[in-house]
Amino acid sequence: TARMLRRARGSISSLRFGKLLNSPLPSGFVDGEWDAVIIGGGPAGATVARYAAEGGARVLVIDRRPVIGEPLQCGELVPTNAEMARLCPNVPNLDDLLRTPQTAISRLTDKLCIVPPSSRALEFEFGGQILNRVAHDQALEQAAREAGAEFRLGTGVASVDGHAVHLADGTTVRGQVLIGAGGPHDPLRRARWREQSLHVAVSFVLMEGDFPDRVELHFGSVAPGGYGWMIPKRGGANIGLGIQPRFARGRPLREFLAEFLAHYDGRITYRGGGLLPMSGAIRRFVKPPHLLVGDSAGMVFPSNGAGIVTAMVAGRIAGQVIAEHVRDGTPLVEYERRWEAQVGREMRASQRAAWLGTLLFRLPDPLVNLAFSRL
C-alpha cells in the first residue's frame, strides 16, 4: 500500500510541477520529481529517508561515496538505548529509532573514565555501545531502502538552487523539499546559511591489541581545546584526539596524535580523520523548502562530541514532518519545534558545559589537575 501511495503521489507531483507524464524528461533531469531529495546518506540522511518513506513520501538520497559508511570518520561510541533514555528522557520510542543490529556492535562497556594530566582518573557508570560504524551505517541505509527510499551513490552535488539539486555528473534532480545531511561542508548549508560553527580537527587510528574494558577521555595539553580518547573494540581500540588549532600554538594535529599513540601498544590497521562541529546546534535549521539535519546543522553535543544518535533523533523528526508536509501541508518549521521539545534542553546544557570546559582545559596542566582534584 505504501508503494502504491508513493507511485500515485509521484505522478501527482510530476503534474504539480507542470510536466506531462508521457512527455520526455527535460535535459538534465533524472526520474522526474521527488517529494524529498536528501544530500548525504549517513545516519542523519538515512534516518530522514526511512521515516519520510514510511510516511508515504517519494525519497531520493544522494551521496558522493560509492559505499555508505566508508571511509570511517569517528570514534564509534554511542550510548545504549537505556543510557540514551536516561540522558534525553523526552525522546520518545527509542527502541524503534535505535535498532542497532548485533552485527554492528563491536563491544559493550559500562565505564567511562575522564583522565586529567595527572592520570588520576574519574570513573563514571556509562552504558555504551562501541560500533562497527560501517556496518551500522549500512544497516540504516538498508532500513531506508526497505521503507521505499531510493539511493544514488557515487556522485556529488555541484550546487543547489531552489527545488533543484545539480549533480557533479551534469544531471539535475528536483524535490518538493531538499534536506542537507552532508556534514560540516554540506552544499545546502553553504548555499543558504551564513551562521558559522566551531570545527574541531580530529584524527584517529584503529589499533589491534588488548585494551581495558572502559572508555577513556583524556584532557589537558594532550589535546588543547579538545580531548583524546581510547574506545575499546573487539580485538583492539579506536584511539584518537581532537584539537582546536587556535590553542595548539602552531603545532600540527599529527604531532599531538603521535605523542598520544605512544602510550598504547598495538598494530595500527587504519587511519582516519575529519572535522567535527563543536558549537552545538545552529539557531534555525529550516528555511523552506530547505532544512538541515545532523552535523550539517551542528547537532553534536559540544561537551563530548557525540553526534550519531542526535543526528538520528533529528532525522526521525525531520522525516516525519516532511511526510506530513507532503501529505497534509504541515509547515516544515514544525521540525524545529519538535527538536526543541525533545533535545533542546540537553543541547543547551551541553553548550554551557563545553564553554566552561574550554575555559578549563586550555589552562596549564597543573591548574587542570587542581580543578580535577576539587571535582
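**Backbone and helix chat**

Tutor: Happy to! Let's begin with glutamate 76, which sits in the loop between β2 and β3. Keep in mind that this is a predicted model.

Student: OK, what is phi of glutamate 76 near?

Tutor: Phi there is near 75 degrees, a positive value in a residue that is not glycine.

Student: And is glutamate 76 buried or exposed?

Tutor: Glutamate 76 has 2% relative accessibility, and buried means under 20%, so glutamate 76 counts as buried.

Student: Which other non-glycine residue has a positive phi?

Tutor: Arginine 249 has one, of about 55 degrees. You'll find arginine 249 in the loop between β13 (236-243) and α7 (253-261).

Student: Buried or exposed, that arginine 249?

Tutor: Arginine 249 counts as exposed, because its relative accessibility is 82% and the cut-off for exposed is over 50%.

Student: Switching topic: where is there a cis peptide bond?

Tutor: One joins glutamate 70 and proline 71, with omega about -5 degrees. Proline 71 is in the loop between β2 (59-63) and β3 (77-79). Another cis bond runs from proline 288 to proline 289, where omega is near 5 degrees. Proline 289 belongs to the loop between β15 (286-287) and β16 (290-292).

Student: Nice. Now helices! What should α2 span, and how far apart are its ends?

Tutor: Helix α2 covers residues 43-54, which is 12 residues. At 1.5 Å a residue it should span 16 Å, and its end C-alpha atoms are 16 Å apart, so the two agree.

Student: How many residues of α2 are buried?

Tutor: 11 of the 12, so α2 is largely enclosed by the rest of the structure. Among the buried ones are Pro43, Arg50 and Tyr51.

Student: What comes just after α2?

Tutor: Glycine 56, which takes a positive phi of about 100 degrees.

Terms used
Residues are numbered from 1 along each chain as its sequence is written. This is a predicted model: local features need pLDDT of at least 70, side-chain atom pairs count only at pLDDT 80 or more; totals for chains, interfaces and linings use all residues. Side-chain values use heavy atoms; hydrogens and water are left out. Helices (H or I, at least four residues) and strands (E, at least two) are DSSP runs, numbered from the N terminus. The expected span of a helix is 1.5 Å times one less than its number of residues. Buried means under 20% relative accessible area, exposed over 50%, partly exposed in between (1.4 Å probe, protein chains only).
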